[in-house]
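Subject: Structure handover

Hello,

Here is the structure I promised to pass on. Please open it first, then read my notes below.

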Amino acid sequence: MEKFIFRFDTILNTKEKIEEDRKNKLGISMKKLVTEQEHLQRLFQRKNDMIIQWQEKSNKIVKISELRSISNNLDIMQNIIDKQLNVVEQSEFETENRRKQLLEASKQKKVFEKLKEKDYEEHKYNQLKKEDALTDEIVSYKAVCR
């Protein structure tokens, strides 16, 4: 039986490498997204702690400057949270793009895998036909020799 050689093997290998590369990039992007989301959660927690602190101090007799300072800190924290929300949103967008790129790479690879399967089936069929022809030739040779 002849060895099967896929005519687009180089392209299939390239498609597999592209898919693997995109999987890695998606993984990195997802890891970054989780990190940014965790950072956002910590910021929300710090803001909540500051609000609790502000509420506790507002129930007591304190200087207005202290309350003003806490209020300013809350404004600054809100600005930081807004910026972090943008970072998380960009990270989600990037992750979604990477996911779409991976999906496209997988589709392209599957096209060549299907083509390889089809070529292999055709190769097996041709080999079977050659074996049958050889068997017929041997049988007819033996019949002639008798």
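What percentage of the 146 residues in the protein chain is made up of buried residues? The share is 19%. Please keep in mind that this is a predicted model.

Start with the overall fold. The protein chain has two helices and zero strands. Helix α1 covers residues 9-59, and helix α2 covers residues 64-145. The C-alpha trace spans about 125 × 20 × 15 Å along its principal axes. The radius of gyration is 34 Å, while a compact globule of 146 residues would have one near 15 Å.

Next, the contacts. Take those with a separation of 6 or more: 87% of them are between residues 24 or more positions apart.

Now the surface. The protein chain exposes about 11,700 Å². Carbon and sulfur atoms supply 54% of that area.

Then the charges. There are 31 positive and 27 negative side chains. The centres of the two sets lie 3 Å apart. The count of salt bridges comes to ten. Three of them are described here.

**Lys-130 and Glu-2.** Their side chains meet in a salt bridge at 2.8 Å, N to O. Which parts of the chain does this pair tie together? Lys-130 lies in helix α2 and Glu-2 in the segment before α1, so the pair joins parts that are 128 residues apart in sequence. Both ends are partly exposed: Lys-130 has a relative accessible area of 47%, and Glu-2 has 46%.

**Lys-109 and Glu-19.** This salt bridge is also listed at 2.8 Å, N to O. The pair links distant parts of the chain, with Lys-109 in helix α2 and Glu-19 in helix α1, 90 residues apart. Are these two residues buried or exposed? Lys-109 is buried, and Glu-19 is buried too.

**Arg-98 and Glu-94.** Here the side chains meet at 3.8 Å, N to O. Both residues sit in helix α2, four residues apart, so about one helical turn separates them. Arg-98 is partly exposed at 25% relative accessibility. Glu-94 is partly exposed as well, at 28%.

One last item concerns shared partners. Salt bridges of that kind join Glu-19, Lys-109 and Glu-113 into one network.

When you look at the model, begin with the two helices. Then find Lys-130 and Glu-2, and move on to Lys-109 and Glu-19.

Best regards

Methods:
Residues numbered from 1 in each chain as written. Predicted model: local features only at pLDDT ≥ 70, side-chain atom pairs only at ≥ 80, totals over all residues. Heavy atoms only, no water. Rg over C-alpha atoms; globule rule 2.2 N^0.38 Å. Buried < 20%, exposed > 50% of the residue type's maximum accessible area, 1.4 Å probe, protein only. Contact = heavy atoms within 4.5 Å. Areas by Shrake-Rupley, 256 points an atom, 1.4 Å probe, with all protein chains shown as cover. Lys, Arg positive; Asp, Glu negative; His and termini not counted. Charge placed at Lys NZ, Arg CZ, Asp CG, Glu CD. Salt bridge = Lys/Arg side-chain N within 4 Å of Asp/Glu carboxyl O.
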